[in-house]
Amino acid sequence: MDFPGAVIHLGLLGVVTRVTLELEPSYRMRQDVYGPMPWNTYVDNLEEIHAAGYSVSAFTRFGETVHEILVKSRIPDGARDIDIVKDLSGAPRLPGDPGGASVTERDGSVGPWWDRLPHFPIASTPSVGSELQSEHFVPLRHAGAALEAVRAHAPRLLPLLHVSELRTMAGDGLWLSPTQGEDVLCIAFTWKKVPGAVAELLVDIERSLTPFSARPHWGKLSSLDRDAISDLYPRLPEFCRLVTEFDPDRKFASPFSERVLGI
């Protein structure tokens, strides 16, 4: 009954010593690249664009365009390939990149899921390597308005931002999940390693996202305090009860849990 509360527990329910996973047999995928796409076209067609493949990621720096959209398509069992569209909401399919040391194959070639679903090869250094990151999960019904709120900060964003990745995620019933309750748009920022300036800007970005119930990634940068987090997680009181039941002496409490969750 309390399992949905225990899946994401931030270490507060103790040490996990054994996990049983239900695995799916390996499958094949292809990865295609589209772009650039005008900003307004992307915002107006966001849900349709992100439904174009098994996994879809859009990359932008909040200027006039979304400069690249990766569409990762699953190949049905028994099929050699699938047909794909020549353009995505008007954005052309690009020749793509055959991949290599820094990126997985983006040329429409078919390969195993572990070499197409990730952006970066298993043995490579992800992204730029030396960076800061934040992610903010916005209910999909607020996606367009939330993106415009972030874009209003574009003049301050540009000097600090490597890139922002936009992707949708299905909702779930896990109590502390950022996708708890409904489908979301994840707005992910890869920041240059300028901690002071990024922290200052992040306060304003999260303030702009407050009307849209944006939840931050638990393991990345955020300025939100205990009151703000409490408002975003309606099942938090039940989780606190679970913590009291599993760890009455608070052996697994931490400065983070005390500061952010009041536990």
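Strand 9 gives the most residues, four, to the lining of the largest pocket; strands here are DSSP runs of E of at least two residues, helices are runs of H or I of at least four, and both are numbered from the N terminus. The model is predicted, so that local features need pLDDT of at least 70 and side-chain atom pairs count only at pLDDT 80 or more, while totals for chains, interfaces and linings use all residues. Residues are numbered from 1 along each chain as its sequence is written, and side-chain values use heavy atoms, with hydrogens and water left out.

The largest pocket has a volume of about 540 Å³. A pocket is an open set of points on a 1 Å grid over the protein atoms alone, where a 1.4 Å probe fits, with protein on both sides within 12 Å along at least five of seven lines; lining residues have an atom within 4 Å of a point. Grid points are joined across faces, edges and corners, and the volume is the space filled by probe spheres set on them. Of the 26 lining residues of the largest pocket, Phe59, His119, Phe120, Ser127 and Glu165 are the closest to its centre. Elements that give two or more residues to this lining are strand 3 (55–60), strand 4 (65–75), strand 8 (132–139), strand 9 (161–169) and strand 10 (184–191). The lining divides into nine nonpolar, nine polar and eight charged residues, where Ala, Val, Leu, Ile, Met, Phe, Trp, Tyr, Cys and Pro count as nonpolar, Asp, Glu, Lys and Arg as charged, and the others, Gly among them, as polar.

Ser57 lies in strand 3. With a relative accessible area of 2%, Ser57 is buried (under 20%; exposed is over 50% and partly exposed in between, with a 1.4 Å probe and protein chains only). Residues that Ser57 touches, not counting those up to four places away in sequence, include His119, Glu165 and Arg167; contact means heavy atoms within 4.5 Å.

Ring pairs link Trp39, Tyr42, Phe62, Phe189 and Trp191 into a cluster; rings of Phe, Tyr and Trp (its six-membered ring) pair if their centres lie within 6.5 Å, and planes under 30 degrees apart count as stacked, over 60 as edge-to-face and the rest as tilted. The count comes to eight aromatic pairs. Trp218 and Phe256 form an edge-to-face pair, 6.5 Å centre to centre with 80 degrees between the planes. Trp218 counts as buried at 16% relative accessibility, whereas Phe256 is partly exposed at 31%.
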